[in-house]
Every structure is written in structure tokens, then in C-alpha cells.
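Trainee: Hi, I have a model open and would like to talk it through with you. Could we start with one residue and then move on to the chains?
Mentor: Happy to, let's have a look.

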Amino acid sequence: MANFKVLVIEDDREISDMLSEVLQDEGYEVAVAPNGKEALSLLESIAIPDLIFLDFNMPVMNGGEFFGLLRAQPAWEKIPVIVTSSERTSELRAIFKETQRIIAKPYTLDDVVSAAQRIRKG
Amino acid sequence: VTKQGVPYSSPLRPKIWIVDDSPTDSERVRRIFASDYEVETVSDGSVALERLSTGSVPDLLLLDWVMPGVSGIEVCKFLRASSGALKELPVILLTAQYGPQEIYQAFTSGANDYVSKPFVEEELKARVAALLESKRLRKRAERAEGDLRALLENAPDPMFAFGADGKISFVNEEGVKILSCSRDRIIGIPFANLISGISDRHLLGQNSDAPTAIPDVQINQAIFSPSVRVSATDLGVTTTVTLRDVTARRNADSRRLDFYSVIAHDLRTPITSILLRLEVAFRGKHGALPEGHVGDLKKTRESLRGLVGLINDFLELAKLEGVGYRIVQKSVNLCDLVNQIVEDFLPLLEKGNLRFAHSGPSAPVILMADRQRLSQVISNLLGNAIKFTEANGKVETEIEVSGGFVEFSVRDSGVGIQQEDLAKLFQRYTRASDVPAKTSGTGLGLMIVREIIEAHGGSVGAESKVGEGSRFWFKLPLTNKSAELSSALND
């Protein structure tokens, strides 16, 4: 079975480093982007990921804008997205609607790993 | 000093003129009224007109119909065609001609009343008194209306009034000023077209005398908080909208909130990274940690989590100040909302090894509420139940509709709360005195819950037994509108 590919979009370098480290330890293939804009250009050049962890509050292009543009592309509209953010969940619900899982900061590594496992198992 | 032979006259005594060409009739009427009124006799219609047009005006005219020259009917017509006090001057016509045709003619020419000759003294007196009384009442009503209008006209807040047709019938000086448009162009246009942001949706369904606050509106850079008052009388329905300028307050609020949000975000991010780093250490990738270090680091982790809770609650409370003015009420299906929130909490329930159950009506329960705020309340109550319940315990949610209210409750099999602490729970800065040390919280959460529910016109409460668990609930009114929606959806 091909490797399960995860894209982490997170502006805090320390956090994205740890997420990618832990996810790699779990056997995932991990790509990282520091904001929505760079994530979009990265998506053009890499294989379509099986899962995206998306931070909300980022410079240049935030999670909400990124999400809108992502879903506008037929090729990307089915990629599962897990929103990770320090905004309150209720506010994010208004932006991301019912469809997406939201993990609020501060989350634990277990939250992230088990969320990824769930998606992987389908 | 009074003139010789002229009796003292009280200025309070109403003035009556008797206009009659027959001195005998005139004198007879004069004698009837002389003791209670200031009476003058006028010899015919043309003299009466001459005196009236020079500005002397009595309180009432007793007018003979048939006179040589200018008749009573002609005097009436002249008066009603005049302006000011003359137009409103009360007139009683006296005449011997009183067929239906004549009575009709008397009234169409503008007489207020009609007495036939020969008259009964008591009847004439009663009619004069009644007419004067109605004039007095009308004057009083006019003065009160004038005073009120002046008061509203000069009120510091812009005000608008309109009737059942929705068209503006009144706007005060401030109202004209903020719309920077002439009064003539405002009067008569539908209110809903006037100010964008206040639509029929806000105006309809307001059916109480108590003013209702609706969402802020913006007019030329200024922010106004409108309040709507509907008063229904047998004269019809009048809706009054008052706009209070809250620009300075809202701007200060939003600057303060932006500032708090930035701080909160900037604090949470490094804390997240510290917490993640701690977890990397716990995972023992770089070698197992000594037992003692694990304990220390776990305590560090708990403190950090407490700190995040504190930051969150602090930010929420800051946002909630004055929330009553800003809740956006839309129709919300409470059942869907609860399901969705439960979904978000499933991982936490699993992690705490808790059983969960939900009971409620299968049909949608539609409320008028601020969805985001309500979801915050439900999350808070559910989060607490999970937090305060030990492993293998049970958490249950319930939705119950009865008597125009919907009640949502969360029951847990947790540690429970002492009776004396229960009462203090929803107040600022309190927390049950002896909750286990493992629980974190600032005590602000339930206060937030109370603020939100009360802003929706509902109530909150809790029951608890130490060692058995607690039940927290809120109750919200189902408005007529929401009941209609519910039944429409059920059909």
C-alpha cells in the first residue's frame, strides 16, 4: 500500500516541526507549508495528500481563505481537512461549516495522531 | 380698579356670545347663563362677524338661525372657512325650524349642535356645558400632544414612528439630521426602505410594549443600536424605533477585543508548542524519562492547560460584555446543534472512558437564537460534565419541550457539588470549593453560560448530589414564531 501522505499547514515552525516528526514516526509521509498561499503552490508540485492539517490563523493567507480556494479545485475538493486552531471551535464552525473536524489548540500529539489514523482507516 | 357698574368678572369664566336679532329672546338666554358665564349679546349676524374679525373671540357662540341680513348659517360657514381659533369656535344654532332637512343643513354648515325654539332651559344649559367641556378636553389633548411632540422632537436620539402600513408618520430633528435628508422626503416612505439593516424581520413579531433591542445598524460611519417599541391601541398599531448612537462604545469594544484576541492567540501558540514538546518527551523517543521527571512534567502540563483555559475564558468574558446588544437571533434547530457538538466531544468522551447517551424529541426543535453563542453554552456544559466525571462514569444530554419552553440539560455521574456551592456557581469568580485537584477551570465558564442564556431571555440552573453527580440545565422560551416553524417542519 502506498504511503499515507499528510500536508501540515502551520505558521509556527516549532509546532510544524513537531507535528511532522511525530507523524513521520507514525509512518506517514509529511509535507509542510507555513501558510495557505505556499500550501497552494506546494500542492501543484506534490502528489495529492490523503489528509491536510490546517491551521487557521496564519500570515499571508489564513486557513479560511485557503480552504475556500482548495474546495474550488475539483482535484482537491475531496481531500480530508482537519482544522487545527487556537480560535474557539464555535467561531470556526461558522467558517468551515459542518463538514470538517476541528482540533482546538492546545491539542495533544495523540489528538493529531488519532485523528490521522481515523482518516486513514476511513 | 374696575369701571363703575361693571361687575367683577373672573377670567376663568367661559365667554358666551348670544347672537340674536330679537332683544326679548336674547335677554331670556342671557339670564340663563349670566350667573356661570361671562355673557355678551350681539344684535345680529353682521355685527357678530365684524367683531369676530377684529380678533375678539368668545369660547362659545349661541347663534340664532333666522336673522335679517347675515343669517346664523352664514356666520357658521364664515367661521369654518376661517383659520385658527375661529375655525374651531364651538357653535350652537337656535331656531324654530327643525325638520330633518334643516338639521342636516345646520351640521353641514359647521354648527356643533342644534337646539330648537322654544327650548327647555336645562337642555340648553346642558348642551352648552357639554360643548365647552369637549372643547376643553380637546385643547388639553392637543396641548399634551404638543408637549410630547416637542419632547420627542428635541430628544437626543433619532426617533421614527410608523403605523400598520409601515410608512413613516413621524421623525424627530435628530432623525432628520442623521439621514441628512429633508423631513418632507422622509415622511410617508416605508420605514423598511429607509435604514438598511432594519428589515421587516426585525419589526414583525415585536408585539409587546417593552422595547426590544435589535442588531446594530450603521449610518454614515456611525453605529446605532436600535430599539423597537410597538404599541397597539384601538386607534391602530404604532411602531417607534429609537436609535442610540453607540459608535464610541462599539469602537472601543472592538479595539479592546482585537487587542485581547491578538494577545490570546499569541499566548496560546507558544503554549501549544510547549505542550507538544512535553509530549514528545513523554513518548520517550530520545530515551525513557526517569519516573520523578515524568511526574513533574505532568504537573507542568496541567498548569499549562489551566493557563490556556484561563486565557480562553478571559477572552470570552470580554467578548460577552454587552452581549445583549449583539446577539444575532436566527432560527436554530437545537437537536442538530446538540448532535454536532456531541460529535466534537466524542474523542474526549472516549478518552475519559465515559458512557454517553442522548434523549430528546425526534422532530426538530426550532429556536430563535444566536447559533454560535448557544453552541458555546452547550459545549461549556458538556465540557464541564466530562471534566468532572471520573473514568467509567456516565454523561447524558436531554432536550425536553414543554409549555412554550425548551430545556436542555446535561447530567453526569461525577463528583457532585455541595448545596452551599450550588447557589454560587453561576456567579463571577467562583468554583466549588473542593473539586478534585485534577480539574481545571477558572470559574468564568458558568458565568459566560448565564450571560448568554439570559441575553436570550432564558434561565439557567443546576441540581447536584455529592458523590452521585450533577445536572445542569438551561431553559429558553419557544417564541410563537419558533413554535410555528417547529410545527411546520413536523408536518
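Trainee: Which helix is the place of B:Phe107 in?
Mentor: B:Phe107 sits in helix 5 of chain B, which covers residues 100-108. Keep in mind that this is a predicted model.

Trainee: What does B:Phe107 touch, leaving out residues up to four places away in sequence?
Mentor: With those left out, B:Phe107 touches B:Asn112, B:Asp113 and B:Tyr114.

Trainee: Changing topic to the interface. How many residues of chain A and chain B are in contact?
Mentor: There are 28 residues of chain A in contact with 26 residues of chain B. Together the two chains bury about 2,600 Å², and 50% of that is on carbon and sulfur atoms.

Trainee: How many salt bridges are there between chain A and chain B?
Mentor: The count is four salt bridges. Four residue pairs are in polar contact between these chains, counting pairs with both residues at pLDDT 80 or more.

Trainee: Which elements of chain A give two or more residues to that side?
Mentor: Those are helix 1 (13-25), helix 4 (89-96) and helix 5 (109-121) of chain A. Helix 1 of chain A gives the largest share, six residues. By class, the side of chain A that touches chain B has 15 charged, eight nonpolar and five polar residues.

Trainee: Can you show me a salt bridge there? Which residue does B:Arg277 pair with?
Mentor: B:Arg277 forms a salt bridge with A:Glu14, and their closest N and O atoms are 3.0 Å apart. B:Arg277 belongs to helix 11 of chain B and A:Glu14 to helix 1 of chain A, so this pair joins two chains. B:Arg277 counts as partly exposed at 36% relative accessibility, and A:Glu14 counts as partly exposed at 32%.

Trainee: What about A:Glu26, what is its partner?
Mentor: A:Glu26 forms a salt bridge with B:Arg283, with 3.4 Å between the closest N and O atoms.

Trainee: Back to helix 11 of chain B. How many residues does it have?
Mentor: Helix 11 of chain B has 37 residues, 247-283. From first C-alpha to last it reaches 53 Å, close to the 54 Å expected at 1.5 Å a residue. After helix 11 of chain B comes B:Gly284, which has a positive phi near 70 degrees.

Trainee: Where do B:Arg31 and B:Glu27 lie?
Mentor: Both are in helix 1 of chain B (residues 23-33), four residues apart, about one turn of the helix. B:Arg31 and B:Glu27 form a salt bridge, with 3.5 Å between the closest N and O atoms. B:Arg31 is exposed at 57% relative accessible area, while B:Glu27 counts as partly exposed at 29% relative accessibility.

Trainee: Last one: which residues are linked in a network of salt bridges?
Mentor: B:Asp20, B:Asp25, B:Asp64 and B:Lys117 are linked in such a network.

Conventions
Residues numbered from 1 in each chain as written. Chains lettered and ligands numbered in written order. Predicted model: local features only at pLDDT ≥ 70, side-chain atom pairs only at ≥ 80, totals over all residues. Heavy atoms only, no water. Contact = heavy atoms within 4.5 Å. Buried area = accessible area lost by both parts, 1.4 Å probe. Salt bridge = Lys/Arg side-chain N within 4 Å of Asp/Glu carboxyl O. Polar contact = N/O pair within 3.5 Å; in protein donor to acceptor, adjacent residues only side chain to side chain. Nonpolar A, V, L, I, M, F, W, Y, C, P; charged D, E, K, R; others polar. Expected span 1.5 Å × (residues − 1). Buried < 20%, exposed > 50% of the residue type's maximum accessible area, 1.4 Å probe, protein only.
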